[in-house]
Amino acid sequence: MASSCSFLVPSSPVFPSHATLPHSSKRWRLPVFCENVRVRGSMKWRKCSHDFYSSPAMLLPFTRVHNRGQWRDSSSRRKQLLCTRCYLDEAGGMSSSLEAKKNQAGAKKSSSSSSTTASAGAGEKAMPVQEAEASTSGTLYPPSVSHKKGYLEVSSLHTIYYEVFGNPKGRPVVFLHGGPGAGCSERHARFFDPQHYRIVLFDQRGCGKSSPRGSLEKNTTWDLVADIEKLRLQLGVTRWMVMGGSWGVTLALAYAQSHPKSVAALILRGVCLLRPQEIDWFYKQGANALFPFGWEELLSVLESSERNNILSSYYRRLTSSDTSIQQQAAQAWLRWEMGLSFFSTSPFVVSWDGQQYLTIPSPQVAPGVTQESSNQTRNGKSRGRLTGSSPSPSQTETQTAPSSSSSSGTSSTAQPSINQSQSNKINMSSQLAQARLECHYFVNGGFLEDNQLLLGIPRMQSIPGIIVQGRYDFVCPLVNAFDLHRAWPEAQLRIVPNAGHSMYEQGIMDELLRATETFKQLEY
């Protein structure tokens with residue numbers, strides 16, 4: 001049999017495990033066949049004009065989408081994958097016959113298909129959303145001003161801050177920020193059409209404008225789940241769409257499994273399930289092999305005797321009574337995290353100057369690099385980092401004050417008054433608050449049982465969902481999204497090549513915008 005045209009890739013959840021193997025295939029690798037190879041109406045294979053194997057490291061310029069039991073290319077809308085050269089030929093108009101067939105198929109599909117999506121409530125069967133029906137410009141919506149803001153007292157200790165953007169009579173959606181402790185930013189509202197959606201942002205316990213900042217007391221996953229439900233009732237929302245990224249995925253899944261009737265749809269980005277192996281990947285063995293310079297900097301804050309247990313050692317420092325020790329630990333903690341958050345926008349190269357490693361700007365500096373980060377690098381302040389990091393848009397230095405009232409579930413637009421017993425937390429920086437909260441949750445395993453979120457999928461299986469995952473997400477590896485989709489096959493999985501963890505990388509941003517456009521068709 002003639003060898004088929006394919007590019008071989010390491011066995012990976014990115015590619016379909018059910019692909020047909022030709023006789024010439026080797027073990028450990030799964031082929032994805034060029035559409036030009038297969039003879040229509042036959043199971044025979046023949047050579048196409050491009051008889052070659054592409055490098056496994058070659059990245060294809062489109063998103064892999066799993067929908068209705070099939071893997072598809074969301075750019076060409078094909079059920080089978082073109083080999084790299086065929087794809088480039090067709091994209092450049094060099095294969096007129098294929099292009100004509102593509103246009104005919106697209107016209108036929110548009111004339112025969114409707115742009116409706118089933119609304120799924122508790123007990124109903126969810127239908128995978130047809131992503132081909134949605135289109136987006138790939139840019140965020142313009143900035144807008146919130147039309148409602150306030151403080152909601154959720155316990156005798158904690159008060160959370162919230163803002164509402166968009167159409168007051170639109171479809172409600174709530175955004176769950178990452179961290180834990182990263183806080184929300186007005187920029188998060190720009191992923192949603194303000195004419196269609198009523199967009200709710202809020203800072204979770206202990207961060208942003210919520211108070212008391214950095215408090216670890218009465219701060220667990222299930223406290224936050226209860227807060228989301230209290231906020232929904234406070235705003236008079238019957239059901240809402242939930243969007244979360246990273247830690248926000250953990251919280252969104254926990255909320256959906258606890259209150260499935262309150263959730264109309266889920267959009268999840270950068271899947272974090274907070275399983276022990278995920279925490280070990282980031283703070284024990286895994287990510288350190290890819291980022292040894294950043295890992296060395298993370299360890300440099302600790303004494304040799306503290307390095308056997310990174311999490312416990314950092315927890316002791318972040319909760320120390322010495323503010324200088326706290327701040328030093330917080331800066332190192334977040335520097336490690338942010339250094340791994342970007343893939344396609346890394347602006348630095350590592351250079352050995354004869355005495356030490358330095359990170360210097362690449363000749364082609366990626367967009368989004370601030371002048372401050374470039375200056376710090378030139379001054380040698382950020383040595384040994386493989387990727388440049390800039391502050392998260394949500395890391396603001398807003399001063400907040402806690403509430404003195406003890407009643408739960410009350411709302412106010414006025415800033416809570418200061419309680420003297422909590423005054424030591426008022427001036428805590430947002431960096432320190434985020435690092436403390438993250439370490440608090442990680443040390444406690446997210447307050448979850450082993451595989452709790454995967455085992456709880458049947459309780460929310462009917463909810464429509466879209467999962468967006470960067471292929472090169474070093475914070476929350478792709479296997480997390482794969483495991484979630486395997487437990488929740490009704491959801492749609494979109495894997496973005498040339499993208500990492502951040503929601504502001506172009507490929508991730510495009511898919512999130514596409515998802516919010518897709519769910520405009522959802523009635524709830």
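**Figure 1. Asparagine 451 in the loop between helix 12 and helix 13.** In this predicted model, asparagine 451 is found in the loop that runs between helix 12 (430-443) and helix 13 (452-455). Its phi is near 55°, a positive value in a residue other than glycine. Most residues other than glycine have a negative phi. With a relative accessibility of 36%, asparagine 451 counts as partly exposed.

**Figure 2. Serine 246 in strand 9.** Serine 246 belongs to strand 9, which covers residues 240-246. Although serine 246 is not a glycine, its phi is positive, at about 60°. The relative accessible area of serine 246 is 11%, so this residue is buried.

**Figure 3. Valine 242, also in strand 9.** Valine 242 has its place in strand 9 and counts as buried at 0% relative accessibility.

**Figure 4. Leucine 266 and the nonpolar cores.** The largest nonpolar core has 77 residues, and those with the most contacts inside it are Leu266 and Tyr314. Helix 4 (residues 247-258) gives the largest share of this core, eight residues. Another core, of 31 residues, lies apart from it and includes Ile466, Ala499, Leu513 and Phe519. Which residues does leucine 266 contact, leaving aside its neighbours within four places in sequence? They are Val242, Ala252, Ala256, Met460, Ile463, Pro464, Gly465, Ile466, Trp488 and Phe519. Ile466 and Phe519, both in contact with leucine 266, are among the residues of the 31-residue core.

**Figure 5. Packing of helix 8 with helix 9.** Two packed helices are described by the angle between their axes and the distance between the axes. Helix 8 (residues 310-318) packs with helix 9 (residues 323-339) at an angle of about 135°, and the axes are 8 Å apart. That angle makes helix 8 oblique to helix 9. On the helix 8 side the contact is formed by Leu311, Tyr314, Arg317 and Leu318. On the helix 9 side, Ile325, Gln326, Gln328, Ala329, Ala330, Ala332 and Trp333 take part. Sorted by class, this contact of helix 8 with helix 9 has eight nonpolar, two polar and one charged residues. Tyr314, listed here for helix 8, is also one of the residues with the most contacts inside the largest nonpolar core.

**Figure 6. Leucine 274 in the loop between strand 10 and helix 5.** Leucine 274 has its place in the loop between strand 10 (263-271) and helix 5 (276-283). Is leucine 274 buried or exposed? Leucine 274 is buried, with a relative accessible area of 6%. Not counting residues up to four places away in sequence, leucine 274 touches Trp247, Thr250, Ile279, Phe442, Gly445, Gly446 and Leu448. Phenylalanine 442 is 168 residues from leucine 274 in sequence, while their C-alpha atoms are 7.6 Å apart in space.

**Figure 7. Glutamine 204 in the loop between strand 8 and helix 3.** Glutamine 204 lies in the loop between strand 8 and helix 3 and is buried, with a relative accessible area of 2%. Leaving aside its neighbours within four places in sequence, glutamine 204 is in contact with Ile160, Leu176, His177, Ser210, Leu224, Trp247 and Leu251.

**Figure 8. Two cis peptide bonds.** Most peptide bonds are trans. Glycine 179 and proline 180 are joined by a cis peptide bond with omega of about 5°. Proline 180 lies in the loop between strand 7 (171-176) and strand 8 (197-202). A cis peptide bond also joins serine 211 and proline 212, where omega is about -5°. Proline 212 has its place in the loop between strand 8 and helix 3 (221-234).

**Figure 9. The protein chain as a whole, for context.** The secondary structure of the protein chain comes to 15 helices and 15 strands. Of the 524 residues in the protein chain, 55% are buried. Among contacts between residues at least 6 apart in sequence, 73% join residues at least 24 apart. The accessible surface of the protein chain comes to about 22900 Å², and carbon and sulfur atoms account for 50% of that surface.

Notes. Residues numbered from 1 in each chain as written. Predicted model: local features only at pLDDT ≥ 70, side-chain atom pairs only at ≥ 80, totals over all residues. Heavy atoms only, no water. Axes fitted to C-alpha atoms, helices over the stretch in contact; angles between N-to-C directions. Helix = DSSP H or I, 4+ residues; strand = E, 2+ residues; numbered from the N terminus. Parallel < 35°, antiparallel > 145°, perpendicular 65-115°, else oblique. Contact = heavy atoms within 4.5 Å. Nonpolar A, V, L, I, M, F, W, Y, C, P; charged D, E, K, R; others polar. Buried < 20%, exposed > 50% of the residue type's maximum accessible area, 1.4 Å probe, protein only. Areas by Shrake-Rupley, 256 points an atom, 1.4 Å probe, with all protein chains shown as cover. Core = buried A, V, L, I, M, F, W, Y, C linked by side-chain atoms within 4.5 Å.
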